[in-house]
Amino acid sequence: MSDLQTGFLCLMTRPTEPLFYPKYNGEVFMDLPPEYLPERYQRIAGSIKTHHGSTAKHHISIKPVELPDFGYTARVPRHGEFNLFNPAQRQVAGRLVGDLLSQPDPQAMLSVAAYARDRLNPTLFQYALAVALVHRKDTGNVPVPSFLEMFPTRFVDPALFPKLVEEGFVVQQGERVAIEVPPSFSASETDPEQRLAYFREDIGVNLHHWHWHLVYPQEGPLEVVDKDRRGELFYYMHRQTVARYNVERFCNRLPAVKPLKNLREPIPEAYFPKLLNSALNRTYPGRHANMVLSHVNRPDDDAVATILELESSLGRIKEAIQSGFAMAADGTRVPLDPKKGIDILGNIMENSILSVNVPYYGNYHSLGHVLIGFIHDPDNLYLEGHGVMGDFTTAMRDPTFYRFHGHVDDVFDMHKQKLSPYKAHELSFPGVSISDATVQITSGKAARNRLLTFWQRTQVDLGTGLDFGPQGNVLATFTHIQHAPFAYQIMVQNETAEQKKGTVRIFLAPIYDANGEQLLLSQQRRYMLEMDKFVVKLHPGDNRIIRRSDQSSVTIPYERTFRRVDASNMPGTESFRFCNCGWPDHMLLPKGHPDGQPFDLFIMISDYKDDAVSTGFNENENCNDSHSYCGLRDQLYPDRRAMGFPFDRQPVAQDHLMKDFVGRFPNMSRTVAEVMFTNTIISRT
């Protein structure tokens, strides 16, 4: 590993320890110019180097460079909160990303970052550095640790940390044991919402949400923000997240969430996170049942908003949808057509810098998070920080996240419902038919169309985030849902005399709601879970397609969600870059039910000529294996169709049920597959 890579890793290790403090078991010392040290340490620079540098085997020398003026970062206090839903702080982060990206080479960026690290808010700094490293082409070989490694208190019950520190200090490295993380620690089982705690509190799910927003920041240099179909990806990733959550609710005999469309009604769901905000060393505030949103008036936090302001923004967005065009800042009308409309709306709703008219359409999504995040102390009367809804790393833990985003998705669907249903020629693939499709567990002699889920115990290493704590690996064991590996088998006939190329699209959808009522296709389309999408070559005659679950275009494998315990303290052994944006593999299947939960397994093969965007896409290369929710780095989204096709639009009137829809097209297949939850716990080997 080069000194450059090691230097960047040291910047991202134990983020609140001074940079000069030896890293990696005391073996690496960052040799900083005296003026780069914080003022407190500059006058003792010599003794610092003598004391800390003399024992380290490897020194990384930081060369002085011309430094940007970081005065603007004072908007985010070093020992205060950093909140990406806060417009002013988001602008600070975007400017900091720009300052890092503008450095002429990685060595200069390392020097600038080394100067800034111990002067800026740690969360702000780590976010901006990660965005810069992910987006610079000349830092492609620098691994970026996950937020779990840097700020573990945002993911794990802080009551465990005294045990972790004790184990790390008292017990030698080779004899340490993992500390158990209790499941579902946020409330008792008498709260019905706790049935979904395994989903909301899942480390991988929350890391996914954080990393998606790392890859798709709202603010920053245009080349960082302006990615292909960015607004549509915001819509689709969150639509899939809400759909997955609602399907899990059906599996647990709970109804779909009630969208939070009236911001003036009491919020019945309470939430007490029991997580530590590492920036302040305080727990995130909780929210009592039936609290009511009113306003936020916290000028010091740049959080000043009223419900009326949000209602006005929402009214203008709905007006744009109804009229079929958005109003740009220069007064021109921007059509919300079937191809680009959802992308334009996504950028407006999220309020990225790509919004066609920020002053007019406002900041609906982010301010919604702000109002909910400060519901417990809207006027800062009690000097409380934001709740989990005010933080990308924690927002998905709160049941209200899914209610709010269910409402946001309803607004997006207003646009989708205005579009004409797909015509037969857009859905068919002449000459191609699916004769049979099944799914089966790949281990042992398993029944067809029966999939299994269970609990799994997994270890993660939290040692690199324990500032001023023990060196080496400090392990925690947590329990999460998991599925047995499975594979699809699809039998396809190409009735033509020439080779065809097609896109295989696989979705899983609940057949019944929580009350056992069968879902109409017009309802079911909102619960379609994308499972996979890939390209196949179809030879004339019979074709047999086998596709494993671990090849899914939706997920990233376990190894890229969590660190290997044996490698987490070895710089450079694990890459955490753009390609780590993806849904966690262990959450690919819904939980199912002990009695078996039936699902429609929908498989469609569409004509690749109508899907193709560019010829350079290879799903087996680099980071291309989780593109459905995350797109591709420096490339166009590898599918010309709308995200969620063919279920993003309403079906025609005669397609009441899935079987009616599939029955009209030989290039589609519907199979009833059962997901059975075994309620057993298996340790990961």
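In which strand is the place of asparagine 679? Asparagine 679 sits in strand β20, residues 668-683, where helices (H or I, at least four residues) and strands (E, at least two) are DSSP runs numbered from the N terminus. This residue has a positive phi of about 55 degrees although it is not a glycine.

Residues are numbered from 1 along each chain as its sequence is written, and side-chain values use heavy atoms, with hydrogens and water left out.

On confidence, the protein chain has a mean pLDDT of 89, with 94% of its residues at 70 or more, pLDDT being the predictor's confidence in each residue, from 0 to 100. Over residues 564-578, however, the pLDDT is below 50, and this stretch has 52 contacts in the model beyond near neighbours in sequence, a contact meaning heavy atoms within 4.5 Å. Where pLDDT is low, the predicted coordinates should not be read in detail.

Let me turn to the sheets. Strand β14, residues 500-510, pairs with β15 in the antiparallel sense over 9 bridges, and phenylalanine 507 stands opposite glutamate 530 in β15.

Another open sheet has 3 strands in the order β10-β13-β16, with antiparallel pairing. Here β10 and β16 stand at the edges, each with a single partner strand, so one side of each is left without a neighbour in the sheet. The twist averages 15 degrees from one strand to the next. Strand β13, residues 486-494, is mostly covered, with 8 of its 9 residues buried, that is, under 20% relative accessible area, as against exposed at over 50% and partly exposed in between (1.4 Å probe, protein chains only). Antiparallel pairing links β13 with strand β10 (residues 432-441) over 9 bridges, and with strand β16 (residues 541-548) over 8 bridges. Isoleucine 490 stands opposite isoleucine 545 in β16.

Now to the loop between α22 (627-630) and α23 (658-663), where we find aspartate 655. Is aspartate 655 buried or exposed? Aspartate 655 counts as buried because its relative accessibility is 4%. Its side chain and that of arginine 664 are joined by a polar contact of 2.7 Å, meaning a pair of N or O atoms within 3.5 Å, where within protein one must be able to donate a hydrogen and the other to accept it, and residues adjacent in sequence count only if both atoms are side-chain atoms. Proline 646 is also placed in the loop between α22 and α23, and the peptide bond to proline 646 from phenylalanine 645 is cis, with omega near 10 degrees.

Definitions and conventions. Predicted model: local features only at pLDDT ≥ 70, side-chain atom pairs only at ≥ 80, totals over all residues. Pairing = 2+ DSSP bridges. Axes fitted to C-alpha atoms, helices over the stretch in contact; angles between N-to-C directions.
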